[in-house]
Amino acid sequence: MVNFFRKRLVQANRDGTFTIRFPDFIRELLVDLGSQLDTALDHDTNPDLHRLFPTAYADDAERDAGYQVFARGELIDSRREAIALLAETANNETLTDEELTSWMHVVNDVRLVLGTRLDVSEDGHDDVEPDHPDHTLYVLYHELGMILSEIVDGLMSALEQQSDGDEPDDDLEGFGINLTDRPDDSHPSDEN
Amino acid sequence: MTNTSPVELIEPDLDTVVDEDLPWKVIVWNDPINLMQYVSFVFQKLFGFGKAKAERLMRDVHEKGRAVVSSGTRTEAERDVRRLHSHGLWATMEQDE
């Protein structure tokens with residue numbers, strides 16, 4: 001397999017956008033998987049999808065049924081919106097935070113479905129021999145993990161840039177107050 | 001876990017009525033699929049936690065099997081659970097005892 005994860009594939013820009021360097025075949029793959037997920041959501045009782053609709057009240061079936069009534073529709077709608085936004089922006093070199101977040105949702109949702117289907121375990125020993133009937137799905141599962149990781153790295157660095165950015169702003173503001181508090185310390189002749 | 005409160009006998013159906021006022025807590029459970037880095041990011045994004053706190057909670061989920069990430073009224077807890085579910089995290093809510 002080609003190792004295309006050599007440099008940062010999702011880069012947070014200073015203006016809040018993201019530069020996306022995924023190759024075309026990855027973009028096409030994500031659109032295709034999104035479309036498959038969209039179709040699968042028509043049958044949301046499919047056991048492979050159960051991780052997309054977790055239980056809220058573990059010990060109270062009645063309350064959980066109430067939760068599912070309003071939450072399930074919302075969870076399906078928000079997933080479909082993410083899939084649609086991914087499909088619209090799949091070929092863009094630059095994405096907004098909202099668009100990249102949609103990509104993240106689709107990749108993670110598909111990963112959840114695949115992981116459920118493959119019944120993966122946490123120990124990471126999920127590699128199977130190439131002749132295993134699910135080999136392709138395992139490879140896909142791991143690829144999606146790497147793609148997700150790139151996306152989250154990008155979103156996380158933007159989140160950190162935001163919180164880093166707050167501090168210098170505060171400092172500048174404080175500096176400004178000092179200056180205006182002591183206007184006479186400067187040279188009055190400089191003012192027109 | 002220890003329980004230091006005195007033992008009380010409460011009628012079973014009284015229980016559910018009186019308890020409405022007690023806070024609910026939102027618990028995230030460990031699962032074999034979600035990436036640790038992703039879980040930590042979701043905590044930062046949804047709850048505004050700093051990186052250190054988000055990572056500590058993520059480690060609790062990973063190592064202890066669960067972590068309480070928020071608490072509040074039933075409505076607030078349900079909202080947080082729903083936001084976590086929309087991110088594919090395995091979250092439940094339960095009332096403080």
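A:Ser149 is found in helix α4 (residues 135-181) of chain A, where helices (H or I, at least four residues) and strands (E, at least two) are DSSP runs numbered from the N terminus. The structure is a predicted model, in which local features need pLDDT of at least 70 and side-chain atom pairs count only at pLDDT 80 or more, while totals for chains, interfaces and linings use all residues. Residues are numbered from 1 along each chain as its sequence is written, and chains are lettered from A and ligands numbered from 1 in the order in which they are written.

With 17 other C-beta atoms within 10 Å, A:Ser149 is partly exposed, given that a residue is buried if 20 or more other C-beta atoms, placed from the backbone, lie within 10 Å of its own, exposed if 12 or fewer, and partly exposed in between. Leaving aside neighbours within four places in sequence, A:Ser149 is in contact with B:Leu35 and B:Gln37, contact being defined by C-beta atoms, placed from the backbone, that lie within 7 Å. A:Ser149 and A:Val10, although 139 residues apart in sequence, are 9.7 Å apart in space, C-alpha to C-alpha.

The contact between the chains takes 28 residues from chain A and 19 residues from chain B. On the side of chain B that touches chain A, the elements that give two or more residues are α2 (36-47), α4 (74-86) and β3 of chain B.

In chain B, 3 strands form an open antiparallel sheet in the order β2-β1-β3, strands being paired if DSSP finds at least two bridges between them. Because β2 (66-72) and β3 (91-95) of chain B each have a single partner strand, they stand at the edges, and one side of each is left without a neighbour in the sheet. Strand β1 (residues 24-29) of chain B is joined to β2(B) by 6 bridges, and B:Val28 stands opposite B:Ala67 in β2(B).

B:Val28 is also among the residues with the most contacts inside the largest nonpolar core, together with A:Val106, A:Val107 and A:Ile151; this core has 58 residues, a nonpolar core being a set of buried Ala, Val, Leu, Ile, Met, Phe, Trp, Tyr and Cys residues joined through C-beta atoms within 7 Å. Helix α3 (residues 97-118) of chain A gives the most to this core, with 9 residues. Leaving aside neighbours within four places in sequence, A:Val106 is in contact with A:Leu30, A:Gly34, A:Leu37, A:Ala82, A:Ile83 and A:Leu86.

Definitions and conventions. Two residues are in contact if their C-beta atoms, placed from the backbone, lie within 7 Å.
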